[in-house]
Amino acid sequence: MTICVVGAGVIGMLSSLQLAEQGVSVVLLDQQRAGTEASWAGGGIVSPLYPWRYSAAITALAHWSQDYYPGLGEALKQQSGVDPEVHETGLYWLDLEDEDQSLAWARRHGRPLHPVDLEQVHTAVPSLGDGFSSAVYMPGVANVRNPRLLQALRAALARLSNVTIIEHCPVSGFINEGARVVGVQTAQGEMRAEQVVVAAGAWSGRLLATLGLELPVKPMKGQMILFKCAQNFLPSIVLAKRRYAIPRRDGHILVGSTLEDVGFDKTPTEDALESLRETAIDLLPGLADATVVKHWAGLRPASPEGIPYIGPVPGHEGLWLNCGHFRNGLVLAPASCQLLTDLMLDRSPCIDSEPYAPAGRL
């Protein structure tokens, strides 16, 4: 069986890898170079920003994936020679408005979230600014260095004889035989396959529109900035007022992010740069003396309640979705891709598939 996967972000590449490891032949297509869109642009926190504010559907995918990530990072390092740097730092939330709700959620789900005295926080994170009044901490939260994760996935796929990666190859539509999808129309001609998976992030809705289907997934722009500091400048992820700072192992600090409904415009703006820099200095005053190494924007695939679409498209046999992960593509990827693989190969699903089914949601 040959499966064509459209979109080579973390969802498309990990889906391709998991399917290929089960012996399936995979053709992976992307309109540009693999791993250079939303997956590259994100922060890589292996947790939703405020996990207690999400539905049970997001929680199920997140918890499965969080347990899976350390092993995935190690496996990809062995397969590709590239270390994705799954870096366990823990996460401090500062001045939460819904702290009681967060602690109740943690008790229900058995997650190790607890209040921390601010003096303890300043001892643990000496670079943190003043002016905060409360904190909760979750140990064990990791971040993954997403550009390296994507490099590792691409390298692991390139080593497999049953995977073909075709880059700079936009897909414009599908090839249909009756009610069945049997391939895709591309800039390089027709490409046929027994099954087609759409994992094209914010562009997925455009593709499904060619079949007369309305997939409510749209781009939401997010801008980030990157600083370079000493390796020990920030030992943990810190999050306040919907903005976060993420430490990489080598001293790079990511600060993000904005949330802008501006279509497919990825242009970084001076306003966002200034806003993010102000946030960064409020959180970590030492960043006032640090240079902004890079400033960029990406397009998150926004979907209703952030619940992705994973499964077959009714009325279009052979067509599958794995898209619409909004802000949580990196954290939800392992469970999402395992679930898709289980469904496509008719195996018992790793988690209940019903909340993500496209049926009734298109």
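User: Which residues are exposed on the other side of helix 8?

Analyst: Glu270, Asp271 and Asp282 are exposed there. Exposed means over 50% relative accessible area, buried under 20%, and partly exposed in between, with a 1.4 Å probe and protein chains only. Keep in mind this is a predicted model: local features need pLDDT of at least 70, side-chain atom pairs count only at pLDDT 80 or more, and totals for chains, interfaces and linings use all residues. Residues are numbered from 1 along each chain as its sequence is written, and side-chain values use heavy atoms, with hydrogens and water left out.

User: And which residues of helix 8 are buried?

Analyst: Ala272, Leu273, Leu276, Thr279, Ala280 and Leu283.

User: What covers them?

Analyst: The cover includes strand 4, strand 13, strand 14 (237-240), strand 15 (243-247), strand 16 and strand 17 (292-302). Contact here is heavy atoms within 4.5 Å. Helices (H or I, at least four residues) and strands (E, at least two) are DSSP runs, numbered from the N terminus.

User: How many residues does helix 8 have, and how far does it reach?

Analyst: Helix 8 has 14 residues and spans 20 Å from first C-alpha to last, close to the expected 20 Å. That expectation is 1.5 Å times one less than the number of residues.

User: Switching topic: how many salt bridges are there?

Analyst: The whole structure has 15, each a side-chain nitrogen of Lys or Arg within 4 Å of a carboxyl oxygen of Asp or Glu.

User: What does Asp98 pair with?

Analyst: Arg53, with the closest N and O atoms 2.8 Å apart. Asp98 is in the loop between strand 4 (91-94) and helix 4 (99-109), and Arg53 in the loop between helix 2 (38-41) and helix 3 (56-80), so the pair ties together parts 45 residues apart in sequence.

User: Are those two buried or partly exposed?

Analyst: Asp98 is buried at 14% relative accessible area, while Arg53 is partly exposed at 38%.

User: Which side chain meets Lys221?

Analyst: Asp265, in a salt bridge at 3.8 Å, N to O. Lys221 sits in strand 13 (residues 218-228) and Asp265 in the loop between strand 16 (252-256) and helix 8 (270-283), 44 residues apart. Lys221 is buried at 2%, and Asp265 is partly exposed at 33%.

User: Which residues are joined into one network?

Analyst: Glu85, Arg145, Arg148 and Asp250, through salt bridges that share partners.
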